[in-house]
Structures are given as C-alpha cells and as structure tokens.
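Let's take a walk through this model, one piece at a time. Keep the structure open beside you as we go.

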Amino acid sequence: MSLRVVQSDLHERCLRLARLIADQLANQQYENGDFPQHSFYAKAYAVALCQNLGYDHYTAKIRAAVNALKTEIQDHRYHREFIEYALENCPDINAETRYAILRNSPYQSPSVANWHILAMRIRQSGSWRDKLRAKLDWLYTRTRFWRAPVFMDRPGCFSAQYHAFCTALLTDSPMPAQRKIAAKATDLIARLCATTGIPNLVGRGAGQSFGATTALYALLKHGYRAEAEAILFRLEQTLLQTETLSLNLLAPNPLPDDPGPDNPQTPGWYSYNRHYDYLAFTGFWLLRAAIDSSPEHAPTIRANADFLLIHDTDHYHARMCLRGKSSYDITTAPVLITNGHVFLPPTGGEEDFSSLYGLASLPLPAFAGQQAWSTFTSGTISDSTAKITFRLAGRRGQRDITFNENEIVIHDQVDTDSRSNLHLFRLLVPAGLAFEKPGSNRIDFPDLNLHLIADHPLHITDDGLFAVTGPVRTIFVPNQSTATLRIVWSPS
C-alpha cells in the first residue's frame, strides 16, 4: 500500500530543495556578486531566493549580488522583465535600489507569451497608469496567445514549458478571471505530466528545469498533488545524482564550455541558456511552492487541445504536438517514456542561435548521403491515431501512427519510384540504451522490455546526431518506399 502524499510533506520537500540550491548559489558566487559563465538573471533570482529564506549568513552574498546588478551592462540581451519580476519579489529591495538596478532599461517585449505576461504581472502592482497598461497587456495576450486550454508560446506554436510558466505567473494574479484561466491551463499541465514527472516533453525547452519547476508550482497551487509529487521526485533524484539541478533534466550534465555537435557531452537544447540562471530561477519557484498555500481538493483532469496527442497506458507514455513553425515545435515521432526511461526523445533546437539540430536529425524519412530531408507539411490527431504529411525532395509522404495498449504501429510511405538510399522512419533513440538484434527485421531493448519489429530489414546506427537527451542512434528501414514498424511491449 502506497503512502498518501499530503500537502505539508510536499511543501517541506520543496523548502529543503530551495535551501540546498540557495547554499549552492552562495558557495559558487564570486566575491564581486557574479556567477560562473555569463548569466542573464541569476543574480536577481538568487537575491529573491535568499532574501525570502531570511537567513543572516546570506547577507554578504545578497549585498554583492545587488551591487553587481547595479553595474550590469544593459545591452540587447538584458532580460529586463525577468529581472524586474525577481526584484518585485525581494522583500528588502526598496524603490531606490530597484531603480538603481533597472535604471532606464526598456522592456524587450519579444512576441512570446511569457515575456508579455511577465510585464503584465509587474504592472499590476504599479501606478494607475501601469494597471491600465496591464489591462491592455492582458487583452493582447488573450487575443494573440490564449487558445483554451493552452497558452501558445508564439502565435501558432505550442511549448509545454512556456505554457507552464505562463500558468504559474497567472496562478496568483489579483484578477479572478486570470486565476480562472490559470486553473484551466493547469489541468492541461496535469495531463501532460501524468506520472512521468516531466510536464514539458513537447515544444521549445523540452525537459528543462525551468518548465518543470513552474509546472510544479501551478500544480501544487491548484491541488494536483500526485502530479506535483512526480515532478518533485524527479528534481530530488537529479539533485542526488548530479549534486545540482541541471539545466535539462533529460540530460543531467553541465553545459560544457564548447557545446556543439562535435562535443558528445552537450546536453539539452540551447547553447545560450545558462546553468546558474536556471538554478536560481528553480530555487525561487521551489521556495514559492513551499510557502504558498494551496487547496486540498483533487481536480478532474480533462483538458486537451486538438493538436496535442496525450496517450498513456500501463506500458508507455506518448506525447505529440502537430502544430508549429519550427523543428522544435512539431513532434514528428512520439516522445516516448517507458519503464522510467526516455525511449524516443524530443528533437529540435533553437534556431535563433547556432543549433545542434536541424532537418538531418528530424525523425522523418530522408535520402541518405544527400542533403534531402523531409519537411513537415501538416498533421492531424484523431482519438489514438496521428497522421502526418511531409515533403521529401519534391515528393509527398505520409506517416500514420496508431497507439494501442501494448503496441505502437508506425507506417511510412513516400510516393517515389527511386527507393535507392531512401531511409524510412529514422527514429532516434538515446545512444546509451543497450539493444540486441536477433533477426534482420527486429531490434530488442531488453532493459525496456520492448521490441521493434518491421516488415523489412531494420538497421540501427550511430551517425553523430543529437536529441535533447544527447547523442542518439538512428533506427531506419533502407531502400523501401513503404514500410510498417511495430513497437511492442512484452507481457510483464
């Protein structure tokens, strides 16, 4: 019989993690108040975390961080909204100090939902002019980014990570209508998370601690204890294994100084995110989860969107998103978690900066040895089936994926007479997973109790590709224009 998870236990565990992170930040902070590597907002969230913990032994560290914030270069990368939101939550930062830090830096206001909601939440506690502007911000957000029950990351593009952040920001808004929307949005987070402890498996920022912790906060505030506990357990396990909270929970390694395709130690997605930004941000939200009150009821999980596939069985958890504009928006193969492992990882990368990923590592058919990669055209979801159309070197292709209790069936077809060097499926699996190949049409993964069975010879190879989990192997059927692959779980 499992023990009942009670709210006080979860709060105490969140507080313990927040204290450990605060100690780590204090130990690794430089005397001048900065942290290793360039950071965008680590100092501000470290100050907010340490001030709210109220420990006297952080005083010198807080003072150094505040002094460093006052002299920060306010260039085009200055995260004004993030820094100001942290300062709004610092009990010992007065108006004079706040002005000395922010000076006259403008808001960045990029066309993404979370930045606009951040600015709105800041203005809601300001002057009457600020409050009026906040109402206009909300109207803009509702019109441009809210498509019940989801917050779009950018128009037409979904990210589970930034959906969670938007939801957390609105969860304790002074406006009842905004809290009501946050409740609906939290319901979707609960569905995306289930028992995996990873609420952000699809879209920009998959697997990052940023989204996991803001999802945890929203879930706790709205009474989803089981889902919140699953995230908290994964955070605790990561801290035990790595002695820190890594930027990406799916690849719990520090970001190396030279991230890129030639460095197999590169985790996660982005080369421009920073460990200490995410560490301080995570500690801040963990502390808020620990000290804020929450309801005791357990809501009914029912929210969904027509472009999201959420399929859970006793054998696996599958997530897909079939709407977006970039490779990191769309899930052309299901993100698959089974037996506690990521089997088919999220793929894609941030295109505004040098990326590890591109069409070469998109899990869709391609002509090997050529610069001919499939591009997603459209996708639909109906019950337990996803249908994807794509283009490959001027040809049309289709992928059908059917989800059953102990089996997933993927069928690929490309309209072409030139089958030479055509690779179907091109599924990516983490390179560290042990496998066996008992026959030409079959690959087994004994640790996961699953088998891949195709109607044509099946290949698995290392080819230097990356996913969110790090280096991956590619599984494909060569020299066929149509093929069917079954992912089958053996009876336990």
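S39 sits in the loop that links α1 (7-28) to α2 (42-53). Helices here are DSSP runs of H or I with at least four residues, strands are runs of E with at least two, and both are numbered from the N terminus. With a relative accessible area of 7%, S39 is buried (buried means under 20% relative accessible area, exposed over 50%, partly exposed in between, with a 1.4 Å probe and protein chains only). Setting aside residues up to four places away in sequence, S39 touches E72, R274 and D277, where contact means heavy atoms within 4.5 Å.

A word on what you're looking at: this is a predicted model, in which local features need pLDDT of at least 70 and side-chain atom pairs count only at pLDDT 80 or more, while totals for chains, interfaces and linings use all residues. Residues are numbered from 1 along each chain as its sequence is written, and side-chain values use heavy atoms, with hydrogens and water left out.

Now for a pair of helices. α6 (residues 113-123) packs on α7 (residues 128-144) at an angle of about 155 degrees, and their axes are 8 Å apart. Axes are lines fitted to C-alpha atoms, for helices over the stretch in contact, and angles run from 0 to 180 degrees between N-to-C directions. α6 and α7 are therefore roughly antiparallel to each other (under 35 degrees counts as roughly parallel, over 145 as roughly antiparallel, 65 to 115 as roughly perpendicular, and the rest as oblique). On the α6 side, the contact includes H116, I117 and M120; on the α7 side, W138 and Y140 are among the residues involved.

Leaving aside neighbours within four places in sequence, C166 is in contact with A113, N114, I117 and F151. At 1% relative accessibility, C166 counts as buried.

Next stop, α10 (residues 209-221). How many of its 13 residues are buried? The count is 13 of the 13, so α10 is largely enclosed by the rest of the structure. The length works out too: at 1.5 Å a residue, its 13 residues should span 18 Å, and the end C-alpha atoms are 18 Å apart, which agrees (the expected span is 1.5 Å times one less than the number of residues). Just after α10, G223 takes a positive phi of about 90 degrees.

8 strands make an open sheet, with antiparallel pairing, in the order β10-β11-β12-β13-β20-β17-β16-β15; two strands pair if DSSP finds at least two bridges between them. The edges are β10 (375-382) and β15 (436-439), each pairing on one side only. From one strand to the next, the twist averages 15 degrees.

β15 and β16 (residues 442-445) run antiparallel and are joined by 2 bridges, with E436 partnered by D444 in β16. D444 also has a bridge partner in β17, namely H451. Between β16 and β17 there are 4 bridges, again antiparallel, and in their hairpin, which has 4 residues between the strands, N449 takes a positive phi near 60 degrees. As for β17 (residues 450-454), 4 of its 5 residues are buried, so β17 is largely enclosed by the rest of the structure. Further along, 5 bridges tie β17 to the antiparallel β20 (residues 482-489), where R486 stands opposite I453.
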